[in-house]
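Start with the sequence and the structure below.

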Amino acid sequence: MTTYKLTYFNLTGLGEPIRYLLSYGGIKFEDHRVSFEEWPNIKPKMPMGQMPVLEIDGKQYNQSKAILRFLGKKFKLYGSDDYEALEIDAAADNIDDLRIAISSYYWEEDAAQKEKLKDTAMKKRAFLLEKFETQLKKNGGYFVKGKLSWVDILYAAYCDYLSNALGFDVNKDYPELKKLVDKIRATPNIKAYIEKRPKTHL
């Protein structure tokens with residue numbers, strides 16, 4: 001029997017979409033959550049000194065997007081052809097633009113720079129979520145071709161992190177996005193994972 005172990009910090013962030021996808025696919029996995037205090041000792045053991053890392057039968061694989069694409073293919077969530085896969089990849093990168101803008105603001109420690117980054121993040125949110133909302137309306141409530149793909153799960157998994165970083169629901173005033181997230185979180189296997197996962201501040 002194939003074994004899976006995901007190593008990431010004890011927060012949502014980049015690890016949560018992988019946890020969502022593994023759960024969606026009904027794969028039992030060891031959810032190894034690392035504290036910030038433990039990280040310096042674990043870092044040298046990671047392939048590129050970063051997390052998340054997914055171990056499959058003891059072999060380590062890094063880079064969250066590569067892992068998500070692998071799982072997307074495994075669970076038939078990567079479109080019907082290369083063109084749909086291209087659209088899914090583009091949507092994932094667009095979503096990452098949002099995550100990076102909000103993360104940069106959240107983790108900045110310099111007060112003056114933080115204010116500038118907050119302004120950038122809020123403008124980026126308004127611009128991108130308007131685009132995403134339109135995209136979902138055109139595609140039957142999903143990002144690509146009116147059907148579930150791994151990028152829909154990616155977005156839903158990011159929303160706790162983004163909302164906590166902003167201090168309010170990232171999907172506020174965007175009903176199509178909110179419906180998508182609610183739908184993903186109501187999927188039986190993902191719902192079961194959410195109910196048992198540790199409570200974290202981010």
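Which kind of contact joins the side chains of Asp-160 and Arg-185? In this predicted model, the two side chains are joined by a polar contact of 3.2 Å. Asp-160 is found in helix H6, which covers residues 150-166. Leaving aside residues up to four places away in sequence, Asp-160 touches Thr-12, Arg-185 and Arg-197. Another residue to look for here is Leu-202: it is 42 residues from Asp-160 along the chain, and the C-alpha atoms of the two are separated by 7.1 Å.

Now step back to the domains. The domain assignment gives domain 1 as 4-75 + 189-196 and domain 2 as 82-186. Between the C-alpha centres of domain 1 and domain 2 the distance is 20 Å. Their contact takes 16 residues from domain 1 and 18 residues from domain 2.

How much area is buried between domain 1 and domain 2? The value is about 1,500 Å², and carbon and sulfur atoms give 73% of it. On the side of domain 1, Tyr-20, Lys-65 and Arg-69 supply 32% of the area buried against domain 2, more than any other three residues.

Charged side chains also meet across this interface, where the rule finds three salt bridges between domain 1 and domain 2. Elsewhere in the list of pairs to inspect, the side chains of Lys-65 and Asp-93 meet in a salt bridge, with 2.7 Å from N to O. Three residue pairs in polar contact, both residues at pLDDT 80 or more, are found across the interface of domain 1 and domain 2 as well.

Which helices supply the side of domain 1 that touches domain 2? Helix H1 (16-24), helix H3 (64-74) and helix H8 (188-196) each supply at least two residues. H1 gives the most to this side, with five residues. By type, the residues on this side of domain 1 divide into nine nonpolar, three polar and four charged.

The N-terminal end of H4 is capped by Asp-81, which has a side-chain oxygen 3.0 Å from the backbone nitrogen of Tyr-83.

How values were computed:
Residues are numbered from 1 along each chain as its sequence is written. This is a predicted model: local features need pLDDT of at least 70, side-chain atom pairs count only at pLDDT 80 or more; totals for chains, interfaces and linings use all residues. Side-chain values use heavy atoms; hydrogens and water are left out. Domain bounds come from an automatic or database domain assignment. Contact means heavy atoms within 4.5 Å. Buried area is the accessible area (1.4 Å probe) that two parts lose on being put together, summed over both. A salt bridge is a side-chain nitrogen of Lys or Arg within 4 Å of a carboxyl oxygen of Asp or Glu. A polar contact is a pair of N or O atoms within 3.5 Å; within protein, one must be able to donate a hydrogen and the other to accept it, and residues adjacent in sequence count only if both atoms are side-chain atoms. Helices (H or I, at least four residues) and strands (E, at least two) are DSSP runs, numbered from the N terminus. Ala, Val, Leu, Ile, Met, Phe, Trp, Tyr, Cys and Pro count as nonpolar, Asp, Glu, Lys and Arg as charged, and the others, Gly among them, as polar.
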